Amino acid sequence: MSRSKTVAIIGAGACGLVCAKVLLDDGFNVSLFDRQEELGGIWSSKLAYVDLHSQQPGGTLEFSDLYDGVEFASWQHIHEYLQKYADLFHITERIQFQTRVISVFKDDLKNDNIPWIIQTETIHGKKETHEFDFVIVASGLYSEPYIPIYRGQSHFAGSIVSPFDIKSHKQLVNKRIIIVGGGKCATDMATLAGRYARSCYLVFRKAHWMIPRRIMNGLLPVRILCTRALSIPFIPIPGAPYGSLFRFLHKQFPKIFTTMIDILSNDMMSIHGPNLFNDKIFIPQYSFQNIENISIIPNDFIRLKHEGYIIGKFGTIDEIIDETTIRLNSGEKLQADMIISATGYIRRFHFFSEEHTQMMGLKTLNEDITFNLYRRVIPIGIPNIAFIGFTGSLGLWMIAEVASHWISNYFLKRLKLPDSEEKMYEEIETHHTFVKKIFNRSEYDYRYYWSAPLEIYLNDMGLTLHRTSNWISEYFGIYRPERLKDLHDERKIIAETGHKPRHFYFSFKLNVILIVILIFIYLICF
């Protein structure tokens, strides 16, 4: 009996856990390494800031084989869910906690017949060397906050922190707070400071879109955006398996879809109304289609802003002049006791050598890493290694679950890749260009796209894209992870028979044909 292939997963956050579950189901021997003392990544006590909540609507931040359904859940609830998931599927006992991966290497990266060598170090200083057939990097998009160095910050008497450092509202009480940034973490921090601090200034270069929890004049919950029907207006992602009619309509009648997006964005603006936009500071500076950042704002944010507890300021910090005085690039001076830098995250892989980092297409730019991975998952020409959870999207967890099946097929050599590395590089460049053009970003962040990235993986594996039995539920029902619960069995059938499993789907076309037939029968008979 042949031994099970071994897999090391670096990171025990959500993406690492679901990848472990999929690989275990496929017979791999999986070990996980995490530097924290508990699983969950950002959804753990070490990394979560006080009052951190998901911005995911109900039923979309979970995995296919464990239902939850809680909407805009607290980090504590999400942590409990992930712990339950890991316990249920016997993943917890495979995690080595408080263990830092210090190096990942092998003598010849291109040789798939030699194992990866992983060196680890525990919190107590114990070092070990391991051999694995495969490696998966699941260290996450949000594991290391970026805190800029401000000119003159040595003069500052207060503290300069990231949101991760705020563990209690007591840290903000009676303090003058400046929050730098305009995304989710920034609006969360502003809401907290607006409640408890003496003053709160939110400083940002651009006003981003803030999504209400109810849309369509407040009649529908925002989770309606998680339907395939409402993903139709957006520009097609290159290489996604759209139908020919969809591509034709987008190419020939783009104004129709632009109008649909404008209606949606105008609706959001009207819901927020003058309470948010009366001073024009928070009016988004780009169209919804070209969204650069997005957040579903906390319930109290607009009220606190309207009542003057949150004050928005365009600009950046130019210099810290003295112990409490901050000068913006506009020349305006603000007083502060604390600066919270909600300025994003950086991705670094300290366990790879600089040479191997370059060979895998992980380019370093301003201390950050840009990914040049095929399908946002695998380095070209370097076998037996994959990256999971580095595709930013509204549907991050669902995409990660499907990508985990894709990775498993890749490791099992069931996946048909392009016949040349040149074609794979073309795919990477096409997607980089698309993201840069639409969102003005260099990383893999698809924002409101969730169905297309997910369906690219499904299509690569030969799996059906229609995950329900009829076109009404397919396009107008909320796309929840439960639609993905049979992927393992479907992949197994394809591996054993070479054929896609049968799946009845009552399509719109079939619906029209049936109506025409019934009308014809009616006319003949009556």
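Predicted model: local features only at pLDDT ≥ 70, side-chain atom pairs only at ≥ 80, totals over all residues.
Residues are numbered from 1 along each chain as its sequence is written, and side-chain values use heavy atoms, with hydrogens and water left out.

Now select residues 504-524. This span is 81% helix and 0% strand. Its end C-alpha atoms lie 30 Å apart. What feature does UniProt place at 385-407 and 504-524? The unreviewed entry gives "transmembrane region" for both. UniProt positions follow the numbering used here, feature names are shortened, and annotations may be inferred rather than shown by experiment.

**Stop 1: a cavity at H9**

H9 gives the most to the lining of the second largest cavity, with four residues. The search ran on a 1 Å grid over the protein atoms alone: a cavity is a set of points where a 1.4 Å probe fits but cannot get out, and lining residues have an atom within 4 Å of a point. The second largest cavity holds about 60 Å³ of space. Grid points are joined across faces, edges and corners, and a volume is the space filled by probe spheres set on the points. Select some of the lining, including Arg-376, Phe-387, Phe-390, Leu-396 and Tyr-457. By class, the lining has nine nonpolar, two polar and one charged residues. Here Ala, Val, Leu, Ile, Met, Phe, Trp, Tyr, Cys and Pro count as nonpolar, Asp, Glu, Lys and Arg as charged, and the others, Gly among them, as polar.

**Stop 2: the largest cavity**

How many cavities of 30 Å³ or more does the whole structure have? The search finds four. The largest has about 90 Å³ of space. It is lined by 15 residues, and Leu-61, Asp-68, Val-70, Ala-73 and Ile-78 are the closest to its centre. Color helix H2 (residues 75-88): with three residues, H2 gives the most to this lining. Seven of the lining residues are nonpolar, six polar and two charged.

**Stop 3: an open pocket**

Next, select Ile-232, Gly-243, Phe-246, His-466 and Tyr-475. Of the 30 residues that line the second largest pocket, these lie nearest its centre. A pocket is an open set of points with protein on both sides within 12 Å along at least five of seven lines. This one has about 900 Å³ of space. Helix H4 (244-252), helix H11 (451-460), helix H12 (471-476) and helix H14 (508-525) each give two or more residues to its lining. Which helix gives the largest share? H4 does, with five residues. The lining has 19 nonpolar, eight polar and three charged residues.

**Stop 4: the five-stranded sheet**

Switch to a cartoon view. Strands of a sheet pair through backbone hydrogen bonds, either parallel or antiparallel. Find the open sheet of five strands, in the order E8-E19-E9-E10-E15, with parallel pairing. Two strands pair if DSSP finds at least two bridges between them. The edges are strand E8 (159-161) and strand E15 (311-314), and each pairs on one side only. From one strand to the next, the twist averages 20°. For such angles, axes are lines fitted to C-alpha atoms, for helices over the stretch in contact, and angles run from 0 to 180 degrees between N-to-C directions. Zoom in on E9 (residues 176-180) and E19 (residues 338-341), which pair over four bridges. Ile-178 stands opposite Ile-339 in E19.

**Stop 5: the three-stranded sheet**

Another open sheet has the order E4-E5-E6, with antiparallel pairing. Strand E4 (99-105) and strand E6 (127-132) are its edges. Here the twist averages 25° from one strand to the next. E4 and strand E5 (residues 116-122) are joined by six bridges. Select Val-104: its bridge partner in E5 is Ile-118.

**Stop 6: two hairpins**

Finish at strands E16 (residues 317-320) and E17 (residues 325-328), which run antiparallel with three bridges. A hairpin joins them through four residues. Glu-319 has Arg-327 in E17 as its bridge partner. E17 also pairs with strand E18 (residues 333-335), in the antiparallel sense. Ile-326 stands opposite Leu-334 in E18. Which residue takes a positive phi in the hairpin of E17 and E18? It is Gly-331, with phi near 95°.
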